[in-house]
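Here is a short briefing on charged side-chain pairs. Look at the model first, then read the points below.

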Amino acid sequence: MHTDWRCDNCGEVPPFHVAEHINTDIIDSMLRRQAGSAEKTPFWCPWPLPPGWMVTGVGWAGDDRTGVRATALACSGPDPLGGGPADVVLIAEQPGVGLGTRFGGIPSIDPGHLIAEALAAGNGHPGPHAKIRAGGHPTPLWCVKSPEDRSAYVSEAKGMWLYAVAWPASAGYFLAEHVVLHDLCEGVPSELVYGAPSPYLQGKASQVGP
């Protein structure tokens, strides 16, 4: 008997759990799952939140045997380029989980080769496509190939993969707004604003594109 899920493309993967609602109590309960763990998976949240943005969902991958191996936090707000709402899912994961590539619509588990492809496509200009701060450190992000309905950025922070997946694709410009990511494992700001559950975290993003 085992608790892993099986993906047709990637084989066994940790089960993914998503909270149906979002508030401070939900976040606290998820953080308690890592209490006492020697290695905590970061729980990234934009802080301060950009104007008009709200936290709209949380999830985690793993089980009682393996612990939390990946975390996901959704936030929603106005599209930076106008024209409607935007959604961003931030994922931190240990190697070999595949949660970030699932949301990115990428048929693989680890994104190392995607970063290499992004660097090669730079035509001699290997600089990152976006720069943020994560956990107090400057963090470069590379935009990797994903379905046309979204944009996906990949990096590394605190020794684990960091993904930012945005819908629609133009919402990726959210990352150009001097975004600072705070690890909620180090404290939950009392001023966080919560909104209606993100449809992408609830399953709308599960389909992998071509």
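Lys 158 is partly exposed, with a relative accessible area of 41%. Here buried means under 20% relative accessible area, exposed over 50%, and partly exposed in between (1.4 Å probe, protein chains only). This is a predicted model: local features need pLDDT of at least 70, side-chain atom pairs count only at pLDDT 80 or more, and totals for chains, interfaces and linings use all residues. Residues are numbered from 1 along each chain as its sequence is written, and side-chain values use heavy atoms, leaving out hydrogens and water.

**Salt bridges overall**
- A salt bridge is a side-chain nitrogen of Lys or Arg within 4 Å of a carboxyl oxygen of Asp or Glu.
- By this rule, the model has four salt bridges.
- Side chains of opposite charge can pair when their charged atoms come close.

- Lys 158 forms a salt bridge with Glu 186, with the closest N and O atoms 2.7 Å apart.
- This pair links distant parts of the chain, 28 residues apart: Lys 158 lies in the loop between β10 (151–157) and β11 (160–167), and Glu 186 in the loop between β12 (180–183) and α4 (200–204).
- Helices (H or I, at least four residues) and strands (E, at least two) are DSSP runs, numbered from the N terminus.
- Glu 186 is exposed, at 56% relative accessible area.
- A network of salt bridges joins Lys 158, Asp 183 and Glu 186.

**Two further pairs**
- Asp 63 and Arg 65 form a salt bridge (3.8 Å, N to O).
- Asp 63 is buried at 8% relative accessibility, whereas Arg 65 is exposed at 59%.
- Asp 149 and Arg 150 form a salt bridge (2.9 Å, N to O).
- Asp 149 is partly exposed at 39% relative accessibility, whereas Arg 150 is buried at 6%.
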